[in-house]
Amino acid sequence: MPKLRCLTAGESHGRALTCIIDGVPSNLALSANDINKDLARRQKGFGRGGRMKIESDRAQILSGVRHGKTLGSPISLMIENKDWANWETIMNPDILPSPPLNKGGLGGVVTRPRPGHADLTGALKYSHRDLRNVLERSSARETASRVAAGAVAKKFLSEFDIRVISYVTEIGGIRRQGSGVKGQGSGNNLLSLFNKAEASQVRCPDLKAEDKMITKIKAAIKKGDTLGGVFEVAVLGVPAGLGSYSQWDRKLEAKLSYAIMGIQAIKGVEVGMGFEMARSFGSEVMDEIYYRRGTAGRAPVSGGFYRKTNNAGGIEGGMSNGMPIILRAAMKPIPTLKTPLSSIDINTKKKFLAAYERSDTCAVPAASVIGEAVTALVIADCFLDKFGGDSIEEIKRNYSGYLKQIREF
Ligand SMILES: Cc1cc2nc3c(=O)[nH]c(=O)nc-3n(C[C@H](O)[C@H](O)[C@H](O)COP(=O)(O)O)c2cc1C
């Protein structure tokens, strides 16, 4: 069982999104502001649709925190849907005297499944005649909850100087310069990419590529089409030894890819060089091992052992090796298109062209922030697994004992 558990709940147009995070130790300083910063980052990005203009997500802490510090009890968070007032009838949990009418899929009973979505298979599986019963939960609006939970995990990791960052490397086939190359991976280099990404409208650190990406998104908007892309998540300051080689489901890259693949529209994950490694000689890609006595400089989290390259992306044998962890994820284009796609009405069984509802054109920048959140949840869970204790003080003692152990190894 994971040490840090997180469950989310809530429909896209329901009253609110919620989540419970269980296993956060006591005495961690935590405020709603810590969470709201990331919720705001998730809502940004050139190419988002109208919904983001309506919602301005803010988390309320309902339990598990008192006077600014965690209690060690389950933390529950709530993000109200600002649009609820307009959906109160349609999404009401109570039996209503006059149920909403079929308004052709906009607001009322939905009978026309959108290609690329959970609509049709979800209806077959759960026996729903109104596809809204599927799309409300399968929507990526749910990811606001995961970003909120991830912000708590990030706050915990920050106590141990661990940072989770991300940036976009590709949108619609336009790549940032230097992406996908081998060897990248010094923490400083990654941090500088992140800082540039934070200032970019598409979270891309390369200004020339950013311009081209925005032009391509504008062209997609004009055409009524959509775009996907690629983002990278990096974790800095991770100690060697999170995860394990001893059992398949304890391998760190397995847990991380599971979490990333759990994000809506993500269709592939790579670790470090990933697929590019398969196209190279072994001599070109293994990260050779070096040692420097005393750990004040380069590698305090791996006892003085270090690599000059990081093609492995910080994970070998299912464990973090002390280098930055680097993950890359591919997002498919947004499936709702203004240019209508063909589908079949579940009642009439007749062909129709899918109706367009307000939708994003490109959400890769937002997905990269979500990628940070789910990565932080996994790293925090593995950290607690290794150094677990009930309070921050106890975990700090355990962690500094381990750092001493590997320093003296
Ligand atoms: C941040 C984010 C925003 C998204 N926005 C939309 C959107 O506005 N319209 C849409 O049709 N799909 C959107 N998606 C994608 C769908 O949620 C996703 O493709 C769909 O639920 C089907 O799941 P699958 O692609 O994982 O198979 C978004 C995904 C993410 C991660």
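Hi everyone, two housekeeping points before we start. Residues are numbered from 1 along each chain, as its sequence is written. The model is predicted, so local features need pLDDT of at least 70 and side-chain atom pairs count only at pLDDT 80 or more, while totals for chains, interfaces and linings use all residues.

Let's begin with the whole chain. The protein chain has 12 helices and 17 strands; these are DSSP runs numbered from the N terminus, with helices being H or I of at least four residues and strands being E of at least two. Its radius of gyration is 22 Å, close to the 22 Å from the globule rule for 409 residues, so the chain is as compact as a globular protein of that length. That radius is taken over C-alpha atoms, and the rule is 2.2 Å times the number of residues to the power 0.38. Along the principal axes, the C-alpha trace spans about 75 × 50 × 40 Å.

How much of the protein chain is buried? Buried residues are 43% of the 409. Here, buried is 20 or more other C-beta atoms within 10 Å of a residue's own, exposed is 12 or fewer, and partly exposed is in between, with C-beta atoms placed from the backbone. As for contacts with a separation of 6 or more, 72% of them are between residues 24 or more positions apart. A contact is two C-beta atoms, placed from the backbone, within 7 Å.

Now to the sheets. One of them is open, with 4 strands in the order S1-S2-S6-S3 and antiparallel pairing; strands pair if DSSP finds at least two bridges between them. Strand S1 (5–9) and strand S3 (59–63) are at the edges with a single partner strand each, so one side of each has no neighbour in the sheet. From one strand to the next, the twist averages 20°. Angles run from 0 to 180 degrees between N-to-C directions, and axes are lines fitted to C-alpha atoms, for helices over the stretch in contact.

Let's follow the pairings. S1 and S2 are antiparallel over 5 bridges, and Leu 7 has Ile 20 of S2 as its bridge partner. These two strands make a hairpin with 6 residues between them, and Gly 10 in the turn has a positive phi of about 125°. Strand S2 (residues 16–22) then pairs antiparallel with strand S6 (residues 75–80) over 6 bridges. Look there for Leu 17 with Ile 79 and Thr 18 with Met 78.

Which helices sit on this sheet? Helix H1 (residues 32–43) lies across S3 and S6, at about 140° to S3. Helix H6 (residues 143–158) packs on the sheet too, touching S1, S2, S3 and S6, and its direction makes about 35° with that of S2.

H1 also meets H11: their axes come within 7 Å and cross at roughly 145°. Asp 38, Arg 41 and Arg 42 of H1 make the contact with Ala 366, Val 369, Ile 370 and Ala 373 of H11. By class, that is 4 nonpolar, no polar and 3 charged residues. The classes are: nonpolar for Ala, Val, Leu, Ile, Met, Phe, Trp, Tyr, Cys and Pro; charged for Asp, Glu, Lys and Arg; and polar for the others, Gly among them.

Let's stay with H11 for a moment. Lys 386 is in this helix and is partly exposed, with 18 other C-beta atoms within 10 Å. Leaving out residues up to four places away in sequence, Lys 386 touches Gly 241 and Leu 242. Leu 242 is 144 residues away along the chain, yet the two C-alpha atoms are separated by 6.8 Å.

And the ligand? It is surrounded by 21 residues, the closest being Ala 140, Gln 264, Thr 336, Asp 360 and Ala 363; the cut-off is a C-beta atom, placed from the backbone, within 6 Å. This shell divides into 10 nonpolar, 9 polar and 2 charged residues. Helix H11 (residues 364–387) gives the most to the shell, with 3 residues.

Last stop: another open sheet, with 5 antiparallel strands in the order S8-S7-S9-S15-S10. Strand S8 (174–175) and strand S10 (266–271) are its edges, each pairing on one side only. S10 runs antiparallel to strand S15 (residues 325–331), joined by 5 bridges, with Val 269 partnering Ala 329. Helix H9 (residues 252–261) lies across S10 and S15, at about 155° to S10. Thanks, everyone!
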